[in-house]
Amino acid sequence: MREKQRYDSLDRFRILAAALVVAIHTSPFTSYSADADFFLTRVLGRIAVPFFFMVTGQFVVSKFLGGGFAIALRYVKKIALLYGAAILLYLPVGIYAGHYKGLGIADGLKLLIFDGTFYHLWYFPACILGVLLVYAMGLLLYKNQDIRPIIAAAGLLYAFGLLGDSYYGLAAQVPVLRVIYEAFFTVFSYTRNGIFMAPIFLLLGVVASKKREIGIRILWAGLLISFLAMTEEAFLLRHFELQRHDSMYIFLIPVMFFLYQLLLATGARTKNKRRLRHLGTISTWIYILHPAMIVVVRGAAKAVHLPVLAENSLIHYLAVLIGSAIAATVLAAAGQLLAAAPKAGTKPRKSAPHPASAAPPSQRVKASAKPRKSAPPFQCGRAWIEIDHKALQHNVSMLRSMLPPSCKLMPAVKADAYGHGALLLSDELQKMGVSAFCVASVQEGATLRRHGIDGEILILGYTHPQEFPLLCQYQLAQTVIDYSYAKQLNNYGASIHVHIGVDTGMHRIGERSENAGQIAAIFAMEHLMVDGMFTHLCTSDTQSPRGQAYTDAQVNAFFQLLSDLKKRGITCPKIHMLASYGIFNYPQLAGDYARVGIALYGVLSTAADTRQWQGKLQPVLSLKARIATVKTLYAGESAGYGIQFTAGSDMQIATIAIGYADGLPRALSCGAGSVLIKGHRAPIIGRICMDQAIVDISGIEGVQAGDTAVIIGRSGTLEISACDLAQQAGTISNEILSRLGARLERILV
C-alpha cells in the first residue's frame, strides 16, 4: 500500500502532462507573444511525451527486460487495441479533412507504423516500436543485471534522432548525412518516433524503478540547471534555424531524469494521502478527445456568437482543456460504472497508457458550426458589414457557368476576402463545393487552416524562409516566385507543395517563361511537389487592341513553355491563367483553376465594368453604420476638424459611427461622398474623422440616434456601390473593399 501511495505525484503529473499536450496543439500564447508560446509549447511542453514513456518504462519494461516476452506482448496488444480504436474514431474526420486523399499503400503503412493516422496518434506506434526494440536490445545486451549497455545503445539511437530533429540543420551540411537522413525520411516523417526517441526514456523509467536515495535539494538543483540549459538550447536552435522539428534536445534527458526522480521523491512523502487512481484514465481521455474538442469549441464560438473562443489563443486553449477534462471525467466515470456492473462479468479495466503528442497540427478539421445570421438592426454594433449569402451563391453559380466543368474555382480570399471576411466567406464557399483557395501570405493561409478550412490553399506571395515550417505544418502550397527561391524551398529539406509562378510579361513575380531549363530543374527538385503552374494576364481587363495583343503574347509564351517542358518529359499537373476579368474576356483560356477575386464579390474594379455585367453579378457586401447623434447646426456655425464646413443656414446634421479607421475613404470628405438614410441621400460634410463622420440630414424626416446609415448598399430605391465610392475617391473598388477595417463585424444574412 505504501508503494502505491508513493506514486500519487506521478498520477497528478499525468494531468499536467495532458494539459501540456493540449497546449502544444492550441498554442495558447500566440495572441500575445511568439517567444512565450515557443517556450510553453516547444520547451516546457516537450517533457510530456518523455514522461509518459518513463511511466511505461517503470511499470512495464522493468518487468520484462532481458526476458518475459509474454508481458511485453500483452502490453503491445493493449496499446495496439487502443491505437486501433483511436484510428476508427478519427478515420471519418481524417477522410473529411482530406488527410488520406491519394494515399498509396506505402504512404498508408508509413502513417500506420510511424507517423500515426491522425496528427495526435503518433505516440501509439512509437510506444509499440519502442517497447519491442527495448525488448530485443535486452535479449542481446542485458547481462548480469547491467543496464548500461542497453542505455548506451539507446543513447546512440537518440543521438541519431537528434540530428534528424532539432539539429538537422547541422546534419544537412554534411553530404553523407544528408543523403542518409533523406533516405530515412522516405520511410518516416520524423525521427521522434519509437526507434530513435522512445527507447532512451523507456530505459530511464526502468532506472527510476530501482530504488535510489538522492537528496531533494540535489534533485531541484539538477532540474533547474538542466531545464535552463534546455531552454537556452531550444532558443539558440531556433535562432540559427537548425530545427527540422523540435521534439528532441540534448538537455531533455537530464531534465527528465531529475524531474522523474523528484516526482518519486515527493510522492514518497504523501503516504497518508489517498492515491488518485483515476487520473491516469482521465489524462488518457483528455489526450484522445482534445482534437475533437478543438472542433467543438470552434463550432460553439460561431454558434453562440463568441468569436473570442476561437480567436483569442489563451481563451481557446482554456476552453478546449476544460471541455476535454469534463468529457474525460464523464467517460472515465462511465467506464468505472460499467466495469463495476454485475452484468459485465469482466474485471475492471486498468488505466490506458498515456499518449502524448509533440507534433504540431498539419491541418485543423473543419468545424460544422453555422455562421452568424443577421440580427435586427438594434442588435448590431456601431458599424458592420452584411454578407448576402444568396448573392454569393448566385455569383458562384454564374462564374461556374462561364467555365468548362474541368475548370474549378480557386477564390482569392486574400486581404480578408477583399474585406468581406475570409473565414466567413471561405466557410460558405466550402459548403458550395469550393475546394481550393488562394491567399497572399502564409499567415492568411494558416489562419484559414486553424479555423477549419480544408482543401488546397495556395500562397500567391512571398514567404520568408523562417516561415517555411508553417507551409508544412498547415499543408499550404507555396508559389515559386523564381528559380533561386525554389532552391531555398528545396534546401529546407522537408516536402513542400508548390505552384510555379511564370512571368510571361507582367514582371511582378515568377520565373521568366523563356527560362525553360530552370523551370524544368524546379520540377526535378527533390523536396518540391509541383502541384501546378500559373501566370497572370495583366491586361485581361481590357479589350483594346493593344491590351488584347499583350494578352495574346502572354498566353503564347505560357503555352510555348508547356510545350518545351513536354519535350523534356515534364507534364504539369495543373495550370491556371484566369482571374476575374479573364473569366469574362477570355473564358476559352480556362485551365484547371480560375483564380476569381473581385467578381466573386459581385462587383468589378470600376463602375463602368460593373455596369457592363449588371444583372449577372450581385453585390455580396453592404456596409452600414449607426447614427450616434442628431442635432441642429445653426447658420454660421462650423462642423468638423479644420472648420472646413460652415452652415449657410440652419440645418440638421447627424454623426455616424464610422470613420477612416474603418475604411471609409477620407477623400469622401467635404461633400465628395454621401450615405443613404431612410431612402434619401445624405452628403458628408466636413472632414471624415478616424471613427466618425458628419452628414447633412436636412429634409430627411424622422431621423434619430440609433437609426442606420448605409455607406455601401441599398436604402429604398437608392443604391451606393463600392464602385461609386471608388469613383468618388479616385481609386478602384478592390481598394475600397480590401481596406474595410477588422473592427467591422461581418454578419451573414
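The bend at a residue is the angle between two axes, one fitted to the seven residues ending there and one to the seven starting there. These legends describe a predicted model, where local features need pLDDT of at least 70, side-chain atom pairs count only at pLDDT 80 or more, and totals for chains, interfaces and linings use all residues. Residues are numbered from 1 along each chain as its sequence is written, and side-chain values use heavy atoms, with hydrogens and water left out.

**View 1. Helix H4 and its kink at Gly57.** Helices here are DSSP runs (H or I, at least four residues), and strands are E runs of at least two, numbered from the N terminus. H4 covers residues 48-64 and has a kink of about 45° centred on Gly57. Of its 17 residues, 14 are buried (under 20% relative accessible area; exposed is over 50%, partly exposed in between, with a 1.4 Å probe and protein chains only), so H4 is largely enclosed by the rest of the structure.

**View 2. Asp416 and Gln475, each with a positive phi.** Most residues other than glycine have a negative phi. Asp416, in helix H18 (residues 414-418), has a phi of about 55°. Gln475 has a phi of about 50° and sits in the loop between helix H21 (468-473) and strand E5 (477-480). Asp416 is partly exposed at 33% relative accessibility, and Gln475 is partly exposed at 37%.

**View 3. The largest nonpolar core.** Such a core is a set of buried Ala, Val, Leu, Ile, Met, Phe, Trp, Tyr and Cys residues joined through side-chain atoms within 4.5 Å. Among its 124 residues, Met533 and Ile677 touch the most other members. Another core, of 97 residues, lies apart from it and includes Phe13, Tyr75, Ile200 and Val255.

Note on methods:
Expected span 1.5 Å × (residues − 1).
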